[in-house]
Amino acid sequence: MTIAPGREGLGLVDDGLVACRDGVIAYAGSAADAPALDGLEIIDCERRWITPGLIDCHTHLVYAGDRAAEFEQRLNGVSYEAIARAGGGILSTVRATRAAGDAELTAATLPRLDALLSEGVTTVEIKSGYGLALEHERKQLRVARALERERGVRVRTTFLGAHALPPEFAGRADAYVDEICTVMIPALAREGLVDAVDAFCESIGFTREQTQRVFEAARKHGLRVKLHAEQLSNMHGAALAASFQALSADHLEHLDDDGIRAMARAGTVAVLLPGAFYFLRDTKLPPLAALRAAGVPIAIATDSNPGTSPLTSMLLVMNLAATLFRMTVEECLIGVTRAAAQALGLPDAGTLETGKRCDLAIWNIERPAELVYRMGFNPLHARVWSGA
């Protein structure tokens, strides 16, 4: 079998071997150089390819309802901003999610999660942001955490209370940010429901100053930050995120050179979301060449959400990143493994190395390009999570 990727590039190893003990990789490399592995069951992968389990590092997977009607509006020429300002968009999903209980949310989410798992995903980030009140944000995060028990998958939760302004705070954005900073973040951190904090820094979202307040509250409670940045305009959010050593800044179509330099200095990962770019029929490409030149790690993800990227296929994400953004095969594969792990702050995932989690995807392919090239075809042979 051939294994990839490693610590540098794809790190291809022909005639490779991966050994696992207690859910952790005990060896990954050439079979000829492997140490004695007494007592381990041997499974012949019959010349298949092995990669780390795929990592979807940006999703909004837990929600109720759908927004197919808004999709139809956009096909008829109504902009995403106009829909949002008329009370649709995120707020329509907020109403449906608030009305749903835990069991209903879980039942709605599992088919979306199962679609990801069927393509070799072993780790997924899930954001809140469709509750916009403590009890409902808590509910979303509680359901996200429970999915680890429902399925064999690692879930990282992100609090996105600063996603939109809830109707009860109409015209009082600063008061809502106060609520996020003094009530929601402290409570959710205390309850252990959140791994990171995110915000939507945008003309139809929250200002740079409001986002900074959210980040300061997150830091006070020991939580890392991420940011929806520069999707619709340049709010200089990526530079702000980098000043807080953010794990990632995501979307980035309108990112400028100052933001790129700040991200490079901070080690902040650029998470590109080609599903949203495609679904919104955007024409402003993220500055891929400049990100490459600056050495910014580049991840890609589904952005799975009901309004702008109802996508649950990591294989299609790779194809879209290649065709729309002109990312290479190597960049796409690293973008859903090594760089995606970095975007979630997971040093024990994303590569096939001794001491890392034994989360694997085994593929019926002859070269990595097949994972990026095909559309609507799934060559997964087996998915291994924590060695099983």
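A: What follows starts with the chain as a whole and then turns to its strands, their partners and some residues in the loops and helices beside them.

The model is a predicted one, in which local features need pLDDT of at least 70 and side-chain atom pairs count only at pLDDT 80 or more, while totals for chains, interfaces and linings use all residues. Residues are numbered from 1 along each chain as its sequence is written, and side-chain values use heavy atoms, with hydrogens and water left out.

The chain holds 15 helices and 14 strands, where helices (H or I, at least four residues) and strands (E, at least two) are DSSP runs numbered from the N terminus. With 388 residues, a compact globule would have a radius of gyration near 21 Å, and the 20 Å of the chain agrees with this; the radius is taken over C-alpha atoms, and the globule rule is 2.2 Å times the number of residues to the power 0.38. Along the principal axes, the C-alpha atoms fill a box of roughly 65 × 40 × 40 Å. Of the 388 residues, 57% count as buried, a word that stands for under 20% relative accessible area, with exposed meaning over 50% and partly exposed in between (1.4 Å probe, protein chains only). Among contacts between residues at least 6 apart in sequence, 70% join residues at least 24 apart, a contact being heavy atoms within 4.5 Å.

Now to the strands themselves. Strands of a sheet pair through backbone hydrogen bonds, either parallel or antiparallel; here, two strands count as paired if DSSP finds at least two bridges between them. Four strands form an open sheet with mixed pairing, in the order β1-β4-β13-β14. At its edges stand β1 (2–3) and β14 (380–384), each with a single partner strand, so one side of each is left without a neighbour in the sheet. Within this sheet, β4 (residues 49–52) and β13 (residues 360–363) pair in the antiparallel sense over four bridges, and Ile50 has Ile362 in β13 as its bridge partner. Arg47 is placed in the loop between β3 (24–30) and β4; its phi is near 70 degrees, a positive value in a residue other than glycine, and Arg47 is exposed, with a relative accessible area of 51%.

Another pairing involves β9 (residues 224–229), which has five of its six residues buried and is therefore largely enclosed by the rest of the structure. Strand β8 (residues 196–201) pairs with β9 in the parallel sense over four bridges, and the bridge partner of Phe200 in β9 is His228. The loop between β9 and α8 (237–243) contains His236, whose phi near 60 degrees is again a positive value in a residue other than glycine; His236 is partly exposed, at a relative accessible area of 39%. Arg190, in helix α6 (residues 173–190), is exposed, with a relative accessible area of 64%. Between Arg190 and His221 there are 31 residues in sequence and 8.6 Å in space, C-alpha to C-alpha.

Finally, β10 (residues 248–251) and β11 pair in the parallel sense over three bridges, with Asp250 opposite Val271 in β11. From strand β11 (residues 269–272), Val269 and Val271 point one way and Ala270 and Leu272 the other way, and all are buried.
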